[in-house]
Amino acid sequence: MGIDLTPGAASTTIEATYKSRELEGWIDIHFYRKIGFSLATFFEKLRMTPAAVSFLGCIVGVIAGHLYYYRDLSANIAGMMLHVGANSLDNADGQLARLTNTKSRMGRIIDSLADHLVWVSIYVHLTLRYLAEGVSPAVALLALAAGLSHALQGAAADYYRNGYLYFAKGRVRADLDSSANLQEEFRRCSWRHEPWHKFLLALYLNFTWQQEKLSPGLQRLHQAIGRDFSGEIPIWLQTQYHVSARPMLWWWRLLMTNTRMFLLFFLLFIGRPVWYLWLELTAFNFLLVYLTLQQERMSRSLLQLTTAPPEPA
């Protein structure tokens, strides 16, 4: 699998390392992106790859999850600090890729895998924390359900955010893969000669399949655009998607990492992290269902427009 480079020169300013300013939350712009940019420029001097930064962030995040096991506020605070550090590194790997113009699908997959491993560590250690206190083993089922909910929420949020970049910002700004294309690529890839690539591709194929099942309307819109507009996405369609999708971007950000970290930190401070698991199952899933229905309605509306595009003025 080759490197998929973004056209143009490497980014040299912090703004150029954003995915899109509309997708960045306040804390991202004013905290994580600034730290991430500093780290990215530092790692560039060390000639580190984005994948190496992702791996480093994964290690830091897994250790943070372990520190949440202890019913000791000092240990939990240390875990929170490491968790912030891991999230900063998670920002830095993508910014490094854009800074050095070395974006690739494999890099995105490794970044996503690292993020999942961090949260697996958190859910596992929170479960062990309560089991060690003699709580019913049912807490393991609660954590499993919360973790699966988290994975679905993250997949949907990622799909719609990439959809926004693809449709509203032009297809060169994001890679919106389809499971059909990935399936063919997976079939051609050899376990014997490319085991690591095939393993990562298997994970990504499953991830993309989940996204498409959660969002069939967006999938059909994606297919229609690829079929009917082989060149650039028409400006009128980019504008319409931007106008329709932008009001929901703030709500989608609530399903991203910053919200989860804030709630988890607060509940660790008051000694009730198990409440976080219940929030995943209730409030976050309710928000997921609501936003998915809204996005699907928008996708169907835009799909109708593609079959009868407006006449030029």
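Visitor: How much space lies in the second largest pocket?
Guide: About 320 Å³. On a 1 Å grid over the protein atoms alone, a pocket is an open set of points with protein on both sides within 12 Å along at least five of seven lines, while a cavity is a set where a 1.4 Å probe fits but cannot get out. Lining residues have an atom within 4 Å of a point. Points are joined across faces, edges and corners, and a volume is the space filled by probe spheres set on them.

Visitor: Which elements give two or more residues to that lining?
Guide: α4 (105-132), α5 (138-168) and α7 (195-214). Helices here are DSSP runs (H or I, at least four residues), numbered from the N terminus. α7 gives the most, with five residues. The lining includes Tyr204, Phe207 and His116.

Visitor: How does that lining divide by class?
Guide: Eight nonpolar, four polar and no charged. Ala, Val, Leu, Ile, Met, Phe, Trp, Tyr, Cys and Pro count as nonpolar, Asp, Glu, Lys and Arg as charged, and the others, Gly among them, as polar.

Visitor: What is buried on α7?
Guide: Among them are Lys198, Tyr204, Phe207 and Glu212. Buried means under 20% relative accessible area (1.4 Å probe, protein chains only). The cover over the buried residues of α7 includes α4, α5, α6 (179-188) and α8, counted by contact (heavy atoms within 4.5 Å).

Visitor: Back up. Where does the model come from, and how is it numbered?
Guide: It is predicted: local features need pLDDT of at least 70, side-chain atom pairs count only at pLDDT 80 or more, and totals for chains, interfaces and linings use all residues. Residues are numbered from 1 along each chain as its sequence is written, and side-chain values use heavy atoms, with hydrogens and water left out.

Visitor: What does the chain average in pLDDT?
Guide: 87, with 92% of the residues scoring at least 70. pLDDT is the predictor's confidence in each residue, from 0 to 100. Over residues 1-11 it stays under 50. Where pLDDT is low, the predicted coordinates should not be read in detail.

Visitor: New topic. How many cavities of 30 Å³ or more are there?
Guide: Two. Of its 17 lining residues, Ala86, Asn87, Asp90, Asp115 and Val118 lie nearest the centre. α3 gives the most to that lining, with six residues.

Visitor: And which element gives the most to the second largest cavity?
Guide: α9, with four residues. About 30 Å³ of space lies there. Its lining includes Tyr241, Trp252 and Arg161.

Definitions and conventions. Buried means under 20% relative accessible area, exposed over 50%, partly exposed in between (1.4 Å probe, protein chains only).
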